[in-house]
Amino acid sequence: MALTREQFQSRLTQSGIMSAADLDAFASDLGAPAADEEPQALARALVEADRLTPFQAEVLLGEADRPLRLGTYLLLDRVGRGGRGQLHKDLHERMNRVVAIKILPPLAAMDTNLVARFRREVQVAAKLHHPHIVTAYDADEAEGLHFLVMELVDGRDLGAIVAEEGPLPVDEA
């Protein structure tokens with residue numbers, strides 16, 4: 001079933017990214033014909049105006065109603081995905097700090113052994129302090145999701161570099 005414009009607007013305002021008043025003002029600035037278009041057109045206009053990220057638009061337009069917030073963190077983008085979680089770029093709004101959040105998949109959160117393993121990983125990460133290791137800032141559970149908040153390091157991931165360039169010399173690795 002296709003998402004209606006009203007459903008999209010409701011999801012957007014419920015996410016807290018925009019208030020209903022801000023959204024109404026934005027839509028009126030688009031003009032009457034544009035304001036009546038499909039939700040995809042509104043999402044595209046919001047992305048072009050830097051009011052939404054492409055990832056947020058994708059989530060809001062998706063069939064499943066997924067959260068764009070984890071506690072005090074606003075999800076901005078998906079950075080990667082692995083066997084034991086998804087990595088997102090997020091914003092801690094009170095601190096205005098961009099961070100990385102590793103989220104344990106919902107199905108894994110139902111497995112007590114995997115949750116225990118994830119908690120051990122969180123505790124180990126909290127003990128590590130080194131200039132070449134990302135810093136763990138926080139760990140929590142929200143919306144039924146377990147997550148680890150870490151320093152965000154811009155750049156390519158090691159897997160992409162090795163895939164492109166082959167094995168690295170020891171000094172470079």
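**Pockets**

I took a pocket to be an open set of points on a 1 Å grid over the protein atoms alone, with protein on both sides within 12 Å along at least five of seven lines, and I counted a residue as lining when it has an atom within 4 Å of a point. A cavity, by contrast, is a set of points where a 1.4 Å probe fits but cannot get out. For volumes, I joined grid points across faces, edges and corners and took the space filled by probe spheres set on the points.

The model is predicted, so to speak of local features I need pLDDT of at least 70, and side-chain atom pairs count only at pLDDT 80 or more, while totals for chains, interfaces and linings use all residues. Residues are numbered from 1 along each chain as its sequence is written, and side-chain values use heavy atoms, with hydrogens and water left out.

I looked up the second largest pocket, which holds about 220 Å³ of space, and found its lining to be F55, V59, R66, P67, L70, L75, Q86, H88, I103, P105, P106 and L145. Sorting these by class (Ala, Val, Leu, Ile, Met, Phe, Trp, Tyr, Cys and Pro as nonpolar, Asp, Glu, Lys and Arg as charged, the others, Gly among them, as polar), I noted nine nonpolar, two polar and one charged. Helix α5 (54-61) and strand β3 each supply at least two residues of this lining; helices here are DSSP runs of H or I with at least four residues, strands are runs of E with at least two, and both are numbered from the N terminus.

Which residues lie closest to the centre of the largest pocket? The largest pocket has about 840 Å³ of space, and of the 27 residues that line it, L87, V153, R156, D157 and L158 are the closest to its centre. I recorded 11 nonpolar, five polar and 11 charged residues in that lining. At least two lining residues come from each of β2 (73-82), β3 (85-92), β4 (97-103), β6 (145-151) and α8 (158-165), with β2 giving the largest share, six residues.

**Whole chain**

I read eight helices and six strands in the protein chain, in the order α-α-α-α-α-β-β-β-β-α-α-β-β-α. Along the principal axes, the C-alpha atoms fill a box of roughly 60 × 40 × 35 Å. Of the 173 residues, 32% are buried, where buried means under 20% relative accessible area, exposed means over 50%, and partly exposed lies in between (1.4 Å probe, protein chains only).

**Salt bridges**

I searched for a side-chain nitrogen of Lys or Arg within 4 Å of a carboxyl oxygen of Asp or Glu, and the count of salt bridges came to two. What separates the closest N and O atoms of E93 and R69? I found 2.7 Å for this salt bridge, which links E93, in the loop between β3 and β4, to R69, in strand β1 (residues 69-70), 24 residues apart. E93 counts as partly exposed because its relative accessible area is 39%.

The other entry pairs the side chains of K102 and E121, at 2.8 Å from N to O, and joins strand β4 to helix α7 across 19 residues. I noted K102 as buried, since its relative accessible area is 16%, whereas E121, at 22%, is partly exposed.

**Surface patch**

I looked for patches of nonpolar side chains (Val, Leu, Ile, Met, Phe, Trp, Tyr) joined within 5 Å, using residues with over 30% relative accessible area and no salt bridge. V124, L128, I133, V134 and V153 form one such patch, with about 380 Å² of accessible area together, by the Shrake-Rupley method with a 1.4 Å probe. V134 sits in the loop between α7 (112-127) and β5 (136-142), and I list V134 as partly exposed because its relative accessibility is 34%.

**Single residues**

I checked backbone phi and found D50 near 60 degrees, a positive value in a residue other than glycine; D50 lies in the loop between α4 (39-48) and α5 and is exposed, its relative accessible area being 69%. N96, also not a glycine, has a positive phi of about 55 degrees, lies in the loop between β3 and β4, and is exposed at 61%.

Finally, I looked at L3, in the segment before α1 (5-15), which is buried at 13% relative accessible area. The C-alpha atoms of L3 and P39 are 7.4 Å apart in space, although the two residues are 36 apart in sequence.

Key. Patch = residues over 30% accessible without salt bridge, like charges linked within 9 Å, V, L, I, M, F, W, Y side chains within 5 Å.
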